[in-house]
Amino acid sequence: MVGTVGLNSARRNAIAQDVTTSDKPLLRVLAGEAISPPPVWLMRQAGRYLPEYRAVRAKTRDFLQLCFTPDLATEVTLQPIRRYGFDAAILFSDILVIPHALGQAMRFVEGEGPRLEPVRDARALGKLSAARLGSRQSPLEAVYQAVAAIRSALPRETALIGFAGSPWTVACYMVEGGTSRDFHVVKQWAMSDPEEFAGLIDLVVDATIEHLSRQVVAGAEVIQLFDSHAGVLPDGAYERWVIDPNARIVEAVRAKHPAVPIIGFPRGSGLRYEAFATATRVSAVSVDSAVPARWAAAKLQPHVVVQGNLDPVYLLAGGTAMRRAAGDILEALGQGPTIFNLGHGVIKETPPDHVADLVSCIRGSGAR
Ligand code: CP3
């Protein structure tokens, strides 16, 4: 089944002008086509649940070294493509390469996660700079080399996704200094001194535009913006720190690269997914597992492509429960343009066989 149901005609025409027909199912869907079965890829499809990832990772000093060694980043990006033949590869990197490139001291502690020297006032903010990002001496040069190497190694039907964290989510880590239960330190700064906090957001917006543009120039065909902590903000603050910065990034990247589709992932946005989808002008919205797929089909799919949203714990559990839940999502979203994915990343305890099972369940659902 092929069609262009679901997207309003203005959006469909705008996309059709930029994207010529492609062999890549992911790009066809992002141009507004409904394809059955839909393309499938998974957030965190490269990572610790794969033994071959753990083997590469064991040979590196730390996680950042893996991100900044093009050969190794290329190898781990390709691992899940070889195993499962996903419709997309996502660059192996991290959202926290941006604070690193801005000059913030940081490291990944084994088994615990990221640790950053917190930025909590104008003085600490003043020490950071995006100056080197635009130059050929960018500390992120290794990332762009990896993008180029991955692109040339991919099968012709597989699309390459580049990515960055959205400014609010990146700021959460920069200010808290790591992960947090409720993110109250960064929220307090945003609420009590929005003008000063805007300085941090603006710095990350500019760095992100540059970083994404460089990924596209190196060969990324699609961009995903991860706003993993969008859901912690109340109404009002959400518009200012989630919608506005994402919209600015979409506008600037699209001005330079009009043909590149952009997927937004404002996790935990609830009812606000609708405003996010229309106000940011993203090409697609990735929805978390709390969003009813039928609601997404009715409210979001008329405006944007919808990606999602199997609960990663179904993938961990596997079996009939997983296949039934995946089938429900396909049934709700499959009439319009959709990309099958999880509502968040693969959990590291997930048996690799469950992933193979999920992919064959999706692919078995119809003839392409
Ligand atoms: O396969 C892919 O999805 C591509 C690679 C990718 C990673 N991180 C690799 C990674 C992507 C797209 C990310 C995005 C990312 N990084 C997000 C947004 C998505 C989300 O999960 O909400 C966030 C918030 C981060 C920040 C981050 N990186 C944290 C909090 C941690 C520690 C927690 C953890 O899962 O260990 C990381 C480390 C990280 N990034 C790992 C991987 C594979 C594990 C590190 C290791 O191998 O030791």
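Student: Before we start, what should I know about the numbering and the model?

Tutor: Residues are numbered from 1 along each chain as its sequence is written. The model is predicted, so to speak of local features we need pLDDT of at least 70, side-chain atom pairs count only at pLDDT 80 or more, and totals for chains, interfaces and linings use all residues, while side-chain values use heavy atoms, with hydrogens and water left out.

Student: Which residues come nearest to the ligand?

Tutor: Arg44, Tyr53, Asp94, Ser228 and His344, out of 22 residues around the ligand. To count as near, a residue needs a heavy atom within 4 Å of the molecule.

Student: And which helix and strand supply at least two residues each of that shell?

Tutor: α3 (51-58) and β5 (113-116). Helices are DSSP runs of H or I with at least four residues, strands are runs of E with at least two, and both are numbered from the N terminus.

Student: What does a nitrogen of the ligand contact?

Tutor: The side chain of Asp94, where an N or O atom is 2.7 Å from a nitrogen atom of the ligand. That's a polar contact: a pair of N or O atoms within 3.5 Å; within protein, one must be able to donate a hydrogen and the other to accept it, and residues adjacent in sequence count only if both atoms are side-chain atoms.

Student: How about the ligand's oxygen atoms?

Tutor: There's one 2.8 Å from an N or O atom in the side chain of Arg48.

Student: How much of the ligand does the protein bury?

Tutor: 88% of the 880 Å² that the ligand exposes when taken alone. Those areas come from the Shrake-Rupley method with a 1.4 Å probe; for residues, only the protein chains shown count as cover.

Student: Back to Arg44. Is that one buried or exposed?

Tutor: Exposed, with a relative accessible area of 52%. The cut-offs are under 20% for buried, over 50% for exposed and partly exposed in between, with a 1.4 Å probe and protein chains only. Arg44 lies in the loop between β2 and α3, and its phi is near 60°, a positive value in a residue other than glycine.

Student: Where else is there a positive phi in a residue that is not a glycine?

Tutor: At Phe183, with about 55°. Phe183 is in the loop between α9 (167-176) and α10 (184-192), and it is buried, at 3% relative accessible area.

Student: Switching topic: which peptide bonds are cis?

Tutor: Ser36 to Pro37 is one, with omega near -5°; Pro37 is in the loop between β2 (34-35) and α3. Gly308 to Asn309 is cis too, with omega near -25°, and Asn309 belongs to strand β10.

Student: What does β10 pair with?

Tutor: β10 (residues 305-310) pairs with β11 in the parallel sense over five bridges, and β9 (residues 284-286) pairs with β10, also parallel, over three bridges. Pairing takes at least two DSSP bridges between the strands. Val306 faces both ways, in a sense: it stands opposite Thr338 in β11, and Val285 stands opposite Val306.

Student: Are those strands buried or exposed?

Tutor: Six of the six residues of β10 are buried, so β10 is largely enclosed by the rest of the structure. The story for β11 (residues 338-342) is five buried out of five, so that strand is largely enclosed as well.

Student: Which way do the β11 residues point?

Tutor: Thr338, Phe340 and Leu342 go one way, Ile339 and Asn341 the other. In a regular strand, side chains alternate between the two faces of the sheet.

Student: What does Asn341 contact, buried in there?

Tutor: Asn341 has a relative accessible area of 0%, and a polar atom of its side chain lies 3.2 Å from the backbone oxygen of Trp41.
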